[in-house]
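Good morning, and thank you for joining.

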Amino acid sequence: MGYYKGIGTIDRFDPFLSYKVGYTKLPSEKEISPNNKVTNDYWTAWFTDNTMGNEWTKLTLTTGLNPGVKDPYVMAYHKGSYVKVARIVPRTYINQTYVSNLVALDALLNHKGNTETNNHYLKKYKTQIHISDTVQQLITE
């Protein structure tokens with residue numbers, strides 16, 4: 001039930017979940033600012049969990065501000081919605097397939113490309129915590 005609802009404290013102790021490494025692009029400093037009283041330094045984004053582009057998890061975490069990394073991405077070690085540790089890494093440390101998956105998801109969520117396809121999937125991506133649909137086929141690069 002915790003995995004389905006995305007409750008990190010339950011996922012932390014779930015013996016049936018395994019740890020995964022997920023990647024996403026670091027949001028703007030305005031979104032992750034520790035001075036933002038609304039979010040208390042936490043932010044939410046979709047993380048791609050494998051190179052095939054068919055495992056995605058929406059995680060809420062805190063990373064702090066970018067320490068000066070050029071083209072920053074976030075690498076999160078997580079178990080369901082529970083994030084054990086997150087690290088800001090440069091784009092060059094990440095496999096190109098992960099990056100293309102993130103570009104494809106961004107294109108889908110921001111209505112770039114085929115709007116008929118985007119409208120069909122958009123609601124699902126906004127309401128669900130975990131998805132297993134392949135996004136790789138929507139690559140725009």
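The accessible surface of the chain comes to about 8,400 Å², and carbon and sulfur atoms hold 52% of that surface. These areas come from the Shrake-Rupley method with a 1.4 Å probe, and for residues only the protein chains shown count as cover. This is a predicted model, in which local features need pLDDT of at least 70 and side-chain atom pairs count only at pLDDT 80 or more, while totals for chains, interfaces and linings use all residues. Residues are numbered from 1 along each chain as its sequence is written, and side-chain values use heavy atoms, with hydrogens and water left out.

Of the 141 residues, 38% count as buried, meaning under 20% relative accessible area, with exposed over 50% and partly exposed in between, again for a 1.4 Å probe and protein chains only.

The chain has five helices and six strands, in the order α-α-β-α-β-β-β-β-α-α-β from the N terminus. Both are DSSP runs numbered from the N terminus: helices are H or I with at least four residues, strands E with at least two. Taking contact as heavy atoms within 4.5 Å, 55% of the contacts with a separation of 6 or more are between residues 24 or more positions apart.

Next, the cores. A nonpolar core is a set of buried Ala, Val, Leu, Ile, Met, Phe, Trp, Tyr and Cys residues joined through side-chain atoms within 4.5 Å. The largest has 13 residues, of which W46, W56, Y73, I94, L105, Y125 and I131 touch the most other members. Helix α4, residues 96-109, gives the most to this core, with five residues. A second, separate core of 11 residues includes F47, L61, V74 and I88.

Now to strand β4, residues 72-79. Six of its eight residues are buried, so β4 is largely enclosed by the rest of the structure. What does β4 pair with? Strand β1, residues 20-25, runs antiparallel to β4 and is joined to it by six bridges; two strands pair if DSSP finds at least two bridges between them. In the hairpin of β4 and β5, two residues lie between the strands, and G80 takes a positive phi near 65 degrees.
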